Amino acid sequence: MPDILQKILATKRREIEIAEQQISREAMCKRAQRGDVPRDFVGAIRAKIAAGHAAVIAEVKKASPSKGVIRPDFAPAEIAKSYEKGGATCLSVLTDREYFQGAPEYLREARAACSLPVLRKDFIVDAYQVFEARAMNADCILLIVAAFLPPEGVVSSSAARAALAGLTELETLACDLGMAVLVEAHDAAELDIALQLATPLIGINNRNLRTFEVSLETTLSQLSRIPAGRTLVTESGILAPEDVATMRAQGVHAFLVGEAFMRALEPGEALARLFA
């Protein structure tokens, strides 16, 4: 299978070039500064876990490169309301157009329909996208370590330093704009880099972004390496109550889940059943 991540990143770079021709970086920065007051993404997750519950970042996603269209009848505002009623802690909204059929307006619609903090789920590699995220009223951004590393998959010390520098720059900008950051890793080498950022939210994606194969062992194998004070968010592959029970038994209490809910008639009801 071709490297899906590299295809997506090449598309992102083209999108940024086109976007800057339409709205300058300076103008997008000003839009970001006029956004609504950010909601406390980290605080919402910590409060839910402190109360003894699973903290669920529920995903609003129409399609994916591996599965195609997941939810043909796609109404972000109604999905957001359903999630909030079903007990979601936060939302994650896909804004990538070409590969996930997402859009910035979906994030705005979902956030306006509920009181939950919202993550912009996209492949962010440039400061322009961070300004965009705040301009569309995102409360948190996703930073994927793999997006800052060479495509070969071998992480040299110089590559790790360069990746950390790029990630830190965008994390600092996000924080300056009042947003939280969820940094995502897929293996031990990526986790080493992720843990050097300041954010308390460490995501481990059980889906390999190069092949899109999924294994919960990806999270379980890295648990001992997560220091106190950080909140581990397991992402992808949580499909059944047994998956939730396995993770919670190992001390993992924050989850990012999308596909299991998007196929249900009422996503919020599916969330409530999965995490009952």
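This is a predicted model: local features need pLDDT of at least 70, side-chain atom pairs count only at pLDDT 80 or more; totals for chains, interfaces and linings use all residues.
Me: By which rule are aromatic rings paired, and how many aromatic pairs does it give?
Reply: Rings of Phe, Tyr and Trp (its six-membered ring) form a pair if their centres lie within 6.5 Å.

Me: Are the rings of Phe74 and Tyr106 stacked, tilted or edge-to-face?
Reply: A pair of aromatic rings is described by the distance of the centres and the angle of the planes. The centres of the Phe74 and Tyr106 rings are 5.0 Å apart, and their planes stand at 65°. Planes over 60 degrees apart count as edge-to-face, so the pair of Phe74 and Tyr106 is edge-to-face.

Me: How many residues apart are Phe74 and Tyr106, and where does each lie?
Reply: Both residues are buried. Phe74 lies in the loop between strand S3 (68-69) and helix H4 (76-86), whereas Tyr106 belongs to helix H5 (residues 104-112). The pair thus links distant parts of the chain, and the separation is 32 residues.

Me: What is the geometry of the pair Tyr83 and Phe261, and which helices does this pair tie together?
Reply: The ring centres of Tyr83 and Phe261 are 5.8 Å apart with planes at 65°, so the pair is edge-to-face. Tyr83 has a relative accessible area of 0% and is buried; Phe261, also at 0%, is buried.

Me: Is Gln101, with its positive phi, buried, partly exposed or exposed?
Reply: Most residues other than glycine have a negative phi. Gln101 has a phi near 55° and lies in the loop between strand S4 (90-94) and H5. Its relative accessible area is 32%, so Gln101 is partly exposed.

Me: Is Ser236, another residue with a positive phi, buried or exposed?
Reply: The phi of Ser236 is near 75°, and this residue is found in the loop between strand S9 (231-235) and helix H10 (241-249). Buried means under 20% relative accessible area. Ser236 has 14% and therefore counts as buried.

Me: How many disulfides does the structure hold, and how far is the sulfur of Cys90 from the closest cysteine sulfur?
Reply: A disulfide requires cysteine sulfur atoms within 2.5 Å, and the structure holds zero disulfides. Cys90 is buried at 0% relative accessibility. The closest cysteine sulfur to that of Cys90 is in Cys140, too far for a bond at 7.8 Å.

Me: Which cysteine has the sulfur nearest to Cys175?
Reply: Cys175 is partly exposed, with a relative accessible area of 45%. Cys175 is in no disulfide, since the nearest cysteine sulfur is 9.4 Å away. That sulfur belongs to Cys140.

Terms used:
Residues are numbered from 1 along each chain as its sequence is written. Side-chain values use heavy atoms; hydrogens and water are left out. Rings of Phe, Tyr and Trp (its six-membered ring) pair if their centres lie within 6.5 Å; planes under 30 degrees apart count as stacked, over 60 as edge-to-face and the rest as tilted. Helices (H or I, at least four residues) and strands (E, at least two) are DSSP runs, numbered from the N terminus. Buried means under 20% relative accessible area, exposed over 50%, partly exposed in between (1.4 Å probe, protein chains only).
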